[in-house]
Structure formats: C-alpha cells, structure tokens
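The report begins with one pair of residues and then widens to the elements around them.

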Amino acid sequence: MKKILVIEDDVLLRRSLLKILHAEGFQLLEADNGQVGLQLLHSQQPDLVLCDLIMPEMDGYGVLEYLRSNPDTLSIPFICLTGQHERSNLRRVMELGADDYLTKPYSKSELLAAIQAQFNKQERVNLPLSLSESQGLIQLTANREDESQINLTAQLSLQSKFKQIIKQIDSPDLSVPVFILSLDRLERFQDYLGADYGDILVQAVINRIHEELKRAGFVVKFKEEKIALILPPISHSEEIEEIALKLLNCLSKPIKISDYKLLLGCCLGVSLYPQHDDNFDNLLIKANIALRQAQQQGTHSYFLYTNEIWTKIQDRFRLEIDLHHALDNEEFIIHYQPQLDLKTGKIIGAEALFRWQHPQRGLVPPLECLSIAEENDLIVEIDEWMIRQVCQQVKQWQNQGFELSVAVNVSGVKFHQRNLGRYVMQVLKQTGLDPKYLELELTESVLVKNPERSVAILHELKNLGIGLSLDDFGTGYSSLSYLQKFPFDTLKLDRCFVQDVNRHIKNAAIVKATIVMAHSLNMRVVAEGVETEAEQQFLRDHECDCLQGYWFSRPVEPRIFEQLVKANVAEIPTKPLSPLEC
C-alpha cells in the first residue's frame, strides 16, 4: 500500500484530499504546516508528497528545498498544490525539483492522474543513464527517469568532461565556454503529444546541435527543459557570438517528429572559464543567470555572462533577505499623494504609496522592492499591512475632522486570493472606518487574467461599500471591452496621456474622450502625474474631476499631508509646492 503525505494548511481542502485518497486505498499522513510535514518525512518516509505552496511559517518552497537537499528524501516524488497561476512561480517550483504541480481548483481525476503518473515513473526507473559517444560528441539521453537523478548524473558527467577539456588549455588566452540552452516550448509539446515525444524531441535537438557545430565537445540534457553544452577552448570572444548565432539559427527551424513539424523557442546563456570562474558548479550557475537575461530579451536570444550581472544579483539577493525582516523591524512606511478636486480646489483624498526605509540604504525604490516581494509572495503581507495602516490612519484623520478618501493599490496575488473581501471587512470593523472612505486600486493586467472571477471579486468588494479604482487606464489592450463589466467608481488617467496634453493633439483627444466616456458610465476621473499649470488648466477646462501630481504635491509623509490639508484653500493652486514645502 502506497503511503502519501498531505501538507495543507487549509482544513477543508486537506480533509477533502484525505477523503479522496482514502477511498483509493492509500495509506495517509497529514500535516497542517511545513515543519510538521518535515518531521513526518523523516519518521515515516512516505512514497509521495502532496504539498500546498503558500503556508504560514515554512511554505512549500521551503519543504521542497529541504526535501531535495537531503539524501534520505531526495527521490521522494513531490507534487505542488498551488493557487498561483503566474508562470514564474510555477517555473521556480519546477527548478527547485518538484515533479509536478496542480493548480487549484483541480478535479479528482486530475489529482489521481498526477499521483499515478509519479508512481508509474518510479516503477520504470531500472537502469542508470546511458552515455553514447559519436564523432567526438558525447550525448546523454534518458527514458523518463527520475528527474533528480537525471540532474545529478548530468552534472557529474558535465564536470568530468569539463576537467578533461581544461587540460587542453596551453595558453592564458584560451577560454572554455559553458552554454545552457532552454527549450521554451518543450513542456507544451509534452502536454499535447505525451512525455515520450518530449524525449525524442530533446534527442533531435542534441543531434541537430552536433550536426551544426561539427566539433568535439559535450552536450547533455540538463533539467527538464534545458540542455548544457561544453566546447573545446576558444581563443577569441568573437567566437562565442558566432557559435551562439549558429545554434539559435539551426534551432529556429522546425524539427520533424513523426507527422509533426515542431518549432521550439530557445535562448542561450554562456559563461567562460577562467574569466568568470574556475569552479565548474559556479560556471553552471552563471550560465543559468545569463540564460535568464537572454529570456528577458525574448525568444532566440543569447547573453554572455558579465561580472556586473553577478553583482546585481548578489545585491538583489541581500535585499530580498532584508525584505523578509523589514515588516517585523517596522521599516515600512506610507507616503500619501494628495488628490485635488478641480472644481473646488480642495484636497478630497489621497493615494497611499508604499515605501521601504532601509536602515542602511535609505528609501529603496518601490518598483525594485515590490518586484522582489511579488516573486516571493511577500506582497500579500505588504498588501495586508498597507490596507490596515491606511484604515487606521484615515480613521485618525476623521477624528481630527478631516473627511478624506484614500486609495490603496492591491497586487494581483492578493486580489485573487479567496479571502480579500473577508480581510477588508475585518479591518474595517476593527478600525471603525466607514467603508466609503477606503478605495482599492487595481490595474487592468490584474483583472484580465481571469475576467469572470475578477468580476465576482469586484462585486463582493463593492457590496462592502468601499470604492474601486481602475489604475493606469489606457495602457492595456482590453480596457474598453472590459470597462462595462467591472463595477469601478473611479478611472485613473495614466501619466503617459496627461503629459503635455495641452500641446499633443492625440493625447488631448484621448483624454477628452476618456473623460466623456467615464462620466457617461457614472465614473469620476483622476488624472495622474500632473506636473504643469498648462496640464492642470486643460484638465479643468475639460471637466476632469481630480488631479494628483507634482504640480500640487509629491507623495509625502502623514505629518506633512496633514499640514497640506490644513493649509488647503478653496482655490486652484497657481504654482507647485517647492521641495522644502514637501
């Protein structure tokens, strides 16, 4: 009887899983968090692990990293259960060594099929990987064996060949290139055609590389969608570009498999011995780093590693570590950018903007730290902290006699969680804030990933009595088609349309049409990034409702915001505030 460990913090989901698996005759272990799960892994040695990705304390990433770093648990199949749909999160899970993932909600048949596939794969693992040598090119191939074993054997084989090649170096001017090549559509083809076709396709790619380069070297399947390549020493860096372009060109042509002509997307990352490192494992890491840079440039790109990239990654990693402790250390602060009513000249609200006051670095650029937070799901904690802090602050201002509405940006991760409405309602109740003074701000990109679900969530929030604002309007591709479905109160004109609106005919036409359309839908319009008197006057003349921007005030601390509200008079400002005033 197969033994399955279920690690899931949601009680209802865990009970549902256990019920399904019990009916199939599996022996079951259960844990409501990662720490308990690790204890059961050591003491019970299950045959398979089903693990939720997002959990308090130790999450699924931590469980997986520990699982794959411990020889006793290295080969246990791991299936991730996740509500995350972003490809970057799923790719990270697979790169850490997960065998499969199921996105919630999944069906009973999907669950059982995924489990059976892992047990079938285990039964087929009988022989070690085979090495075959042809015309000086060594190819490593495998029949759908355990992926962790493939990765380990591949790396050992690469390391052995690397040691052989560097012995050929007899001049300080020579370099050994290490390539990592991604097969970007392999997973999709495997899903459609089957895993066996994936193996055949990888072998076809390896054969094509061999035919194209016609030189001694070593090429190997390395991880699920990657191929590694080590070539003999080269004397000129120009050769790297020549080789990379040859590879990308030959792999940009369709590969015929059975009755199918398949076109793969691929990218290349390259590191050099000894310029970038003399340790082979580090060279692989740096080639992978270069590969990620190439992938950011688009399909069929290559990137040669540089030490500057490594410095940036190290800096980003240190920042990520610091970010994990920043909330506990009370390093987060909120700045408020006033929103000015263009009819009365009064400050009627503000947008709350996240800031991180790092103890050594000072203010960290929001885009930099928030992108890190999104990659590591810390963005959920930040969103919740922002909502709570804003509600407390607005309530304090109300107690001082200020009637202000404040908008808070919400990330896509938090928005699509099932508990957003419940969390907002709880905070409103605890702080005693009237819901009409809180506004949640969302971008179109967050909504269009799953429009039907987005509409349901928006109506749930709307029923709480809070305001809803559509941010960066006009920068997406589907704004008009979705605008009538989404129950927004406010539409925010992006800075790219507001800039020099008084001088650019096309911008002026867009802004005027947007204001008319929004008003016809009973929505107010807030113009972002207003920086000149002429822009302000144009917006006022064409009945825009509100503005925010440096013309009136940059984002400021709560204390200074209070001073602005107290000093505010019922006239439109004729000059922006000076930096000293802000």
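In this predicted model, Thr82 stands opposite Thr103, which belongs to strand β5. Strand β4, made of residues 78-82, is joined to β5 by 4 bridges, and the two strands run parallel.

These two strands are part of an open sheet of 5 strands, whose order is β2-β1-β3-β4-β5 and whose pairing is parallel. Because β2 and β5 stand at the edges and each has a single partner strand, one side of each is left without a neighbour in the sheet. From one strand to the next, the twist averages 20°.

A helix also accompanies this sheet: α1, formed by residues 11-23, lies across β1, β2, β3 and β4, and runs at about 170° to β2.

| Strand | Residues |
|---|---|
| β1 | residues 3-7 |
| β2 | residues 27-31 |
| β3 | residues 48-52 |
| β4 | residues 78-82 |
| β5 | residues 100-103 |

Further along the chain there is a pair of helices to consider. Two packed helices are described by the angle between their axes and the distance between the axes. For helix α12 (residues 366-375) and helix α13 (residues 378-399), the axes come within 5 Å and cross at roughly 120°, and α12 and α13 are therefore oblique to each other. On the side of α12 the contact is made by Leu370, Ala373 and Glu374, while α13 contributes Leu378, Ile379 and Ile382. Sorted by class, this contact of α12 with α13 has 5 nonpolar residues, no polar residues and 1 charged residue.

Terms used:
Residues numbered from 1 in each chain as written. Predicted model: local features only at pLDDT ≥ 70, side-chain atom pairs only at ≥ 80, totals over all residues. Heavy atoms only, no water. Axes fitted to C-alpha atoms, helices over the stretch in contact; angles between N-to-C directions. Parallel < 35°, antiparallel > 145°, perpendicular 65-115°, else oblique. Contact = heavy atoms within 4.5 Å. Nonpolar A, V, L, I, M, F, W, Y, C, P; charged D, E, K, R; others polar. Pairing = 2+ DSSP bridges.
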